[in-house]
Amino acid sequence: MQALDKALAQVGRVVLGKEEQLKLALTCMLANGHLLIEDLPGMGKTTLAHALARVFQLDYRRVQFTSDMLPADILGVSVFDPNTQQFSLREGPVFTQLLLADEINRATPKTQSALLEAMEERQVTLDGVTRPLPAPFFVVATQNPVDQAGTFVLPESQLDRFLMRISLGYPAPDVELELLAGGDLRQQVRELKAVINGEGLMKLAQVVGKIRVTRELLDYVQRLLDATRSDDRFVAGLSPRAGLGLLRAARAWALITGRDYVLPEDVQAVWASVAEHRLSARQGGSVAAISQSLLQSVPVVRR
Amino acid sequence: MARIYQVPSHTRLWLTLAVTFCALPQLLKGPLWQGGLFALVVAIRALVNRQRMALPGRIIRSLLLMGAVALTFYSFGRLYGPEAGVALLVSLFGLKYLEVVSQRDAYVLLVLGFFVCATSLLFSQSPLMFLYVLLCMVLLTACLAGINHSDTRASGMQHLKRAGIIMAQAVPLMLILFVLVPRVAPLWNMQVGNGKARTGMTDSMAPGQISELSESSALAFRVAFDGDMPPPAERYWRGLTLSHFDGRAWQQAIPRGMDEAGYLYSGRGPAPDWVDALTAGRSDGTSYAYQVIVEPTQRRWLFAMPVPFVSEGGVSLARDMRLVANNPVSQRQSYQVVSVPAATRRLPLAAEEKALMLSIPDESGRRARGLAQQWRLESQSDAAVVQQALRYFRQQPFHYTLRPPKLVADPIDDFLFRSRKGFCEHYASSFTFLMRAAGIPARVVVGYQGGEQNSLGSHLLVRQYDAHAWSEVWLEGQGWVRVDPTGAVAPERVERGLRAALEEGDSGDALGGIQLDGFAGSGLLGVMREWADYVDFRWQTWVLSYDSQLQLSVLSKLLGQVTPLRVAVTLMVSVALLLGLYGLYLFWRNPVHSQSPMEKEFWRLHQRVQGCGLALSPGVTPSQLAEAIAGRWPRAASPARDWARYYQRALYDPRQKASKQQMRHLRGLRNRLYKLLD
């Protein structure tokens, strides 16, 4: 577990003052899930993704999504090779270990769904040939919450593919001072030391599955899910898939915290980032406010 | 969580609706200015809620109050009494609504609203009104739920749903209380008569009065038979006997020398000899047992077949074999009757009574007298004279019609010998006159004849158009015998009712262009009418007539012997049973396997800490609970953290098995903690 602490410390050197978000992002990776970052431009999304790739020694590619992008631009395309007289596949950027999908909501639904399918299946089928994606495979997608002109909003079914959604937000004043005083960020990222490699990460992910939960904890998770379903301020409650994701994320969080069993606090810690992007509130209610009120009102210990 | 002490915005619409609905019955029947006042109040409230204006100040409110009181006094002439009192209450209710700001005001308004609802039932107790009041109560309950809801973003429909559920849950309880809670007779008799003239009988009969009634299809009364129903030709519902004739109209009269006390027997005190005579005949021949539910008439007389025997208080028997209520019938009333037709022959005819029954004014009906005298000479007995007269009506060209020509000069002679077109009152009047002229004691009886049967409830509906007049003659050895001369002219009237009689005759002519509204139609409308009547009837027999007496009989059937203890125990047992069933349902619906001792442990501490004045949400985890304690009571910080650490390992680490020893340890930690809390 020291490796994880070290990894956090390394990434923390370039993404300053965002320990909570870093921990969540790491949790997401350990839980083998994809991450959606919703933020304004220039908040350090790319730096975060890049730093994660560095620290875990992952292949890293970045794709800027635009509205004229086609699925082939991401997945790859078959080209005819005159020398061998055969078609060969030219792999798209998706064949990497960590893909930063910048401004995913700028692409057309067709292109979005091509990526999202690859995310879910962890394989790509082109011209009838199915090719597995490298392992591990993570997608960090970003979305600009403010500038919505000319975008295709991700539907809820697609948002469900992301295990977590976080936003970094502005840095605190003292952190920002430090940031301004520091040197070239790109250079700093390049200087980051690798802590584990991809294989090590996958082993850790297997450990996550072995983190223990008791009947009482599962009960609590179920009560939370039930509360979203019976609360009529939400359009619809959380799906069983979301429930499984919540539990997996809570396990990963417990692992990062250095425990081999899950506490209700672990569930509460990942609750907002796992649940909120999958819910929508009726008539102008705030999802965040309602989901936080559920944490307040759902008894942790059975009454 | 901070409490909102203002009426939240999501409840304002419900408040407006509840106030309007509660007041509506009064507004519809009250003076016009009251509607105006309410419209004004609701409009001001709407503007205030939209923040278009401020609430009116003290001066305007005082002016409105004084205006409302003055106008109430102007409209009703007083400020007390049921009508004026309720009108004043409703006006004040509206004005109270005008000044509602805080939650406390809303409470006052809503409690007042329940009371206003109850006053609506003073004036009408129909099933529809009951449903309406129920609706008002759901709205009021929705408001109560709303003003107690702390979430400002709550939706209004949620309150209505909750109120509906609460009301539905209360229904079984209501039924139990309705059946079991002892009823006291009303302490005062509130005369809530809507003074309007109603269609119905009057206490005299002049030509044309009953035919007017036959244009109304309003309900007169209903009859529910306990056993056999008499055949249609026997269904004569006597209301009044008219013994005094002034040459034109027949009126009620008491024989000279008799006082009302001797004429009416209320069941109390020693029975007069005529009552004994009638009672002796109670087991003669066939008898019919039935319940009559009479619509308000504002009169004292009641309707029954001869000879009626009643057992309940409040109803007296009159010497002319009628029932008389002790108070005017101002609300629907029901009474149980056993009629024994044959008992009539037991009744003696006193000399002064006979004199009255033979009296006719000297100057009227000279030709008729001649005719009567002629029959007298030709016949051997009184009964033969009666037959003679009926034969006369049958054989001469008499017509049964709703629109008889106007009678000029002497009504008796003019009808008998010239126009010969008439309605039942003409036949009854002239026949009685003829009998008296022939020396046979006779009188006119008015009431209702027939009635249509509701096929759902198998009860009889008697409507105003069933009003009828006939005669009774006193024959030696038979007592008072009913003779219906109309039956001699138009037998269908007696056998099949007014409509059949009129259709049978030369239709257009007989109806005389009169619209007979409200005759039970056929098809869907008829079915609906029948259902509506059935519901109303059942409502009356099952709900409204459930008084202390009926309650006693129901309870003695249920409990055997009615003692306060038994009633109280039954009440408690049934309420407990009901709540138990509800609890069972809840348990069955979400099967909460009972709390483990570990889980109880948490909530004990949670409760204790809250009891010590630290507000906690149910969603705190054990260590958050410990931190909350540490924040409030720094002395208790370390034992609290110990407890939490130990507790969460016990509950969430699967390798720790919950053992008795652990529990003891935790309890010890908790007890140590308790001492540090206060």
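How much area do chain A and chain B bury between them? The two chains bury about 2300 Å², 53% of it on carbon and sulfur atoms. Buried area is the accessible area (1.4 Å probe) that two parts lose on being put together, summed over both.

The model is predicted, so local features need pLDDT of at least 70 and side-chain atom pairs count only at pLDDT 80 or more, while totals for chains, interfaces and linings use all residues. Residues are numbered from 1 along each chain as its sequence is written, chains are lettered from A and ligands numbered from 1 in the order in which they are written, and side-chain values use heavy atoms, with hydrogens and water left out.

## Chain A against chain B

In this interface, 24 residues of chain A are in contact with 27 residues of chain B. Contact means heavy atoms within 4.5 Å. The rule finds 11 residue pairs in polar contact across the interface, both residues at pLDDT 80 or more. On the side of chain A that touches chain B, the elements giving two or more residues are helix H10 (215-230), helix H12 (264-275) and H13 of chain A. H13(A) supplies the largest share of that side, 4 residues. By type, the residues of that side divide into 12 nonpolar, 4 polar and 8 charged. Here Ala, Val, Leu, Ile, Met, Phe, Trp, Tyr, Cys and Pro count as nonpolar, Asp, Glu, Lys and Arg as charged, and the others, Gly among them, as polar. Helices (H or I, at least four residues) and strands (E, at least two) are DSSP runs, numbered from the N terminus.

The rule also finds 2 salt bridges across this interface. A salt bridge is a side-chain nitrogen of Lys or Arg within 4 Å of a carboxyl oxygen of Asp or Glu. One of them joins B:Glu599 to A:Arg302, with the closest N and O atoms 2.9 Å apart. A:Arg302 sits in the segment after helix H13 (287-297) of chain A. A:Arg302 is buried, at a relative accessible area of 12%. Buried means under 20% relative accessible area, exposed over 50%, partly exposed in between (1.4 Å probe, protein chains only). The side chain of A:Arg302 also makes a polar contact of 3.4 Å with that of A:Asp219. A polar contact is a pair of N or O atoms within 3.5 Å; within protein, one must be able to donate a hydrogen and the other to accept it, and residues adjacent in sequence count only if both atoms are side-chain atoms.

## Domains

Domain bounds come from an automatic or database domain assignment. For chain A they give domain 1 (2-196) and domain 2 (209-297). The C-alpha centres of these two domains of chain A lie 24 Å apart. Their contact takes 22 residues from domain 1 of chain A and 18 residues from domain 2 of chain A. Together the two domains bury about 1700 Å², 57% of it on carbon and sulfur atoms. In domain 1 of chain A, A:Asp160, A:Leu163 and A:Arg165 lose the most area to domain 2 of chain A, together 32% of what that side buries.

The count between domain 1 and domain 2 of chain A is 3 salt bridges. A:Arg241 pairs with A:Asp160 in a salt bridge, at 3.1 Å between the closest N and O atoms. A:Asp160 and A:Arg241 also belong to a salt-bridge network with A:Glu120, A:Arg161 and A:Arg278.

Chain B is assigned domain 1 (9-169), domain 2 (204-512), domain 3 (548-589) and domain 4 (597-677). The C-alpha centres of domain 2 and domain 3 of chain B lie 48 Å apart.

## Salt bridges within the chains

Over all chains, the structure holds 32 salt bridges.

| Pair | Closest N to O |
|---|---|
| A:Arg259 and A:Asp266 | 2.7 Å |
| B:Arg222 and B:Asp536 | 2.9 Å |

A:Arg259 is buried at 18% relative accessibility. A:Asp266 is buried too, with a relative accessible area of 1%.

B:Arg222 forms its salt bridge with B:Asp536. This pair links distant parts of the chain: B:Arg222 lies in strand E2 (residues 219-225) of chain B and B:Asp536 in helix H20 (residues 523-544) of chain B, 314 residues apart. Both B:Arg222 and B:Asp536 are buried.

B:Arg645 and B:Asp642 are 3 residues apart in helix H25 (residues 637-652) of chain B, so about one helical turn separates them. B:Asp642 is partly exposed, at 32% relative accessibility.
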